Amino acid sequence: RSRRALGGVPELVAFHWWDNEDPRFVQAAHHLTTLRDEGKLGQVAACNFDLPHLKAMVAAGVPVVSNQVQYSLLDRRPENGMVAYARKHGIRLATFGVVAGGLLSDTWLEKPAPSREQLSTVSQRMYFSPLNRWTGGDWGLFQKLLRTLRGLADKHGNTSVANVASAWVLRQLGADGGWVILGVRDTKHLAEHSALLGVELDDEDEAAIRAVLAEGHPPKGCIWSHERGLA
């Protein structure tokens with residue numbers, strides 16, 4: 001059905017498995033490998049797999065080319081082993097949530113802390129949780145991060161806070177370590193996202209950002225551990 005809808009072979013299929021207590025995920029992934037070998041799909045990828053289960057698939061011979069994970073300045077759980085493992089095994093990380101549904105943007109700079117009802121999208125409500133896990137509920141610390149990003153945005157050609165946040169994730173991934181997934185709700189975002197290609201942070205920028213991050217709580221758990229109630 002997917003091939004008919006696409007008019008060809010899917011270049012990549014990202015495999016997600018919610019129940020970590022069910023060990024059949026490796027068997028299911030092997031079915032995708034069989035379909036790949038039959039020419040019915042291009043590459044096999046993972047989606048929101050944590051490190052132990054990604055390792056299990058790789059050890060079983062599943063040719064995983066990428067893993068889609070949430071990664072941002074507010075949610076650095078991939079740094080608890082996933083980034084290093086993926087780099088070692090040539091698995092690229094497809095990162096989403098890099099601007100936290102718009103929380104990491106100029107829109108929230110110098111604004112008071114919102115109530116949950118004031119968060120206008122499902123994404124903002126979702127990413128508000130990792131924001132609070134990092135800050136411990138200290139909105140002033142989040143504002144300090146935004147001010148730091150705004151200063152770096154001015155340094156790099158008056159770009160946006162969102163672009164600096166995205167460029168930071170790309171820097172962590174490295175030249176061939178993956179990519180960022182950016183949502184474009186309307187055409188006004190196209191020019192801003194295109195400008196991201198010209199933003200390259202340096203060691204001084206990294207140090208300034210890391211100094212602010214160190215004032216909050218370190219990332220706890222692995223990929224999707226909080227969402228699964230495991231951390």
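## The buried side of helix H2

In this predicted model, the residues of helix H2 that are buried are Phe25, Val26, Ala28, Ala29, Leu32 and Thr33. Around the helix axis these residues cover an arc of only 160°, and they therefore lie on the same side of H2. Among the elements that cover the buried residues of H2 are strand S1 (12-15), strand S2 (43-47) and helix H3 (51-59).

Helix H2 itself runs over residues 25-37, and its 13 residues reach 19 Å from the first C-alpha to the last, which is close to the 18 Å expected at 1.5 Å a residue. Just after H2 comes Gly39, whose phi is positive, at about 80°.

Asn48 counts as buried because its relative accessibility is 7%, where the cut-off for burial is under 20%.

When neighbours within four places in sequence are left aside, the residues in contact with Asn48 are His16, Asn67, Gln68, Val69, Gln70, Phe96, Ile223, Trp224 and Arg228.

## Packing of H6 against H7

Helix H6 (residues 139-155) packs with H7 at an angle of about 95°, and the axes of the two helices are 8 Å apart. Since angles of 65 to 115 degrees count as roughly perpendicular, H6 is therefore roughly perpendicular to H7.

On the side of H6, the residues that meet H7 are Leu146, Leu149, Arg150, Leu152 and Ala153, while H7 brings Val161, Val164 and Ala165 to the contact. Divided by class, the contact of H6 with H7 has seven nonpolar residues, no polar residues and one charged residue.

## Packing of H7 against H9

Helix H7 (residues 161-173) also packs with helix H9 (residues 203-213), here at an angle of about 105° and with the axes 12 Å apart. The two helices, H7 and H9, are therefore roughly perpendicular to each other.

From H7, the contact is made by Trp168, Arg171 and Gln172, and from H9 by Asp203, Glu206, Ile209, Arg210 and Leu213. The residues of the contact of H7 with H9 divide into three nonpolar, one polar and four charged, whereas the contact of H6 with H7 has seven nonpolar and one charged, with no polar residues.

Definitions and conventions:
Residues numbered from 1 in each chain as written. Predicted model: local features only at pLDDT ≥ 70, side-chain atom pairs only at ≥ 80, totals over all residues. Heavy atoms only, no water. Axes fitted to C-alpha atoms, helices over the stretch in contact; angles between N-to-C directions. Helix = DSSP H or I, 4+ residues; strand = E, 2+ residues; numbered from the N terminus. Parallel < 35°, antiparallel > 145°, perpendicular 65-115°, else oblique. Contact = heavy atoms within 4.5 Å. Nonpolar A, V, L, I, M, F, W, Y, C, P; charged D, E, K, R; others polar. Expected span 1.5 Å × (residues − 1). Buried < 20%, exposed > 50% of the residue type's maximum accessible area, 1.4 Å probe, protein only. Arc of directions from axis to C-beta.
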